[in-house]
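Please keep the sequence and the three-dimensional view at hand while reading.

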Amino acid sequence: MNEVVHTSPTIGSNVEEIVVNNTRFLMWDIGGQESLRSSWNTYYTNTEFVIVVVDSTDRERISVTKEELYKMLAHEVSAPCVFNIYFNTY
């Protein structure tokens, strides 16, 4: 904590597995590029949690973000998922 971390946008996807107290978490970081969004719903099967991070400083794309979030929430396979939505604030 209290550490500055420089990041770059995800291109494609990244997968990482962590184990905490004998519980296995398989995490997918899926890019938000327009060309990738149509495949997002393929990740919902057997998914328990979805974490969405919104760049709230990008005012020009906030309406696109809202639209994509509504699509995610409306998808029938995502119904049993818990969604956590975070907004950065700079």
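Which strands each supply at least two residues of the nonpolar patch? Strand 1 (13–20) and strand 2 (23–30) do so; strands (E, at least two residues) and helices (H or I, at least four) are DSSP runs, numbered from the N terminus. The model is a predicted one, in which local features need pLDDT of at least 70 and side-chain atom pairs count only at pLDDT 80 or more, while totals for chains, interfaces and linings use all residues. Residues are numbered from 1 along each chain as its sequence is written, and side-chain values use heavy atoms, with hydrogens and water left out.

**Overall architecture**

The protein contains two helices and four strands, arranged from the N terminus in the order β-β-α-β-α-β. Its accessible surface (Shrake-Rupley method, 1.4 Å probe) is about 7,700 Å², and carbon and sulfur atoms hold 53% of that surface. Of the 90 residues, 19% count as buried, where buried means under 20% relative accessible area, exposed over 50%, and partly exposed in between. Among the contacts (heavy atoms within 4.5 Å) with a separation of 6 or more, 48% are between residues 24 or more positions apart.

The nonpolar patch on the surface consists of Ile-18, Val-20, Phe-25 and Met-27, which together have about 300 Å² of accessible area. Such a patch takes residues with over 30% relative accessible area and no salt bridge, and joins nonpolar side chains within 5 Å. A salt bridge is a side-chain nitrogen of Lys or Arg within 4 Å of a carboxyl oxygen of Asp or Glu. Met-27 belongs to strand 2.

In the loop between strand 1 and strand 2 lie Asn-21 and Asn-22. Phi is positive in Asn-21, near 50°, and also in Asn-22, at about 65°. Most residues other than glycine have a negative phi. The table lists relative accessible areas.

| Residue | Relative accessible area | Class |
|---|---|---|
| Asn-21 | 73% | exposed |
| Asn-22 | 80% | exposed |
| Met-27 | 37% | partly exposed |

Leaving aside neighbours within four places in sequence, Val-52 is in contact with Leu-69, Met-72, Phe-83, Asn-84, Ile-85 and Tyr-86.

Notes
Patch = residues over 30% accessible without salt bridge, like charges linked within 9 Å, V, L, I, M, F, W, Y side chains within 5 Å. Buried < 20%, exposed > 50% of the residue type's maximum accessible area, 1.4 Å probe, protein only.
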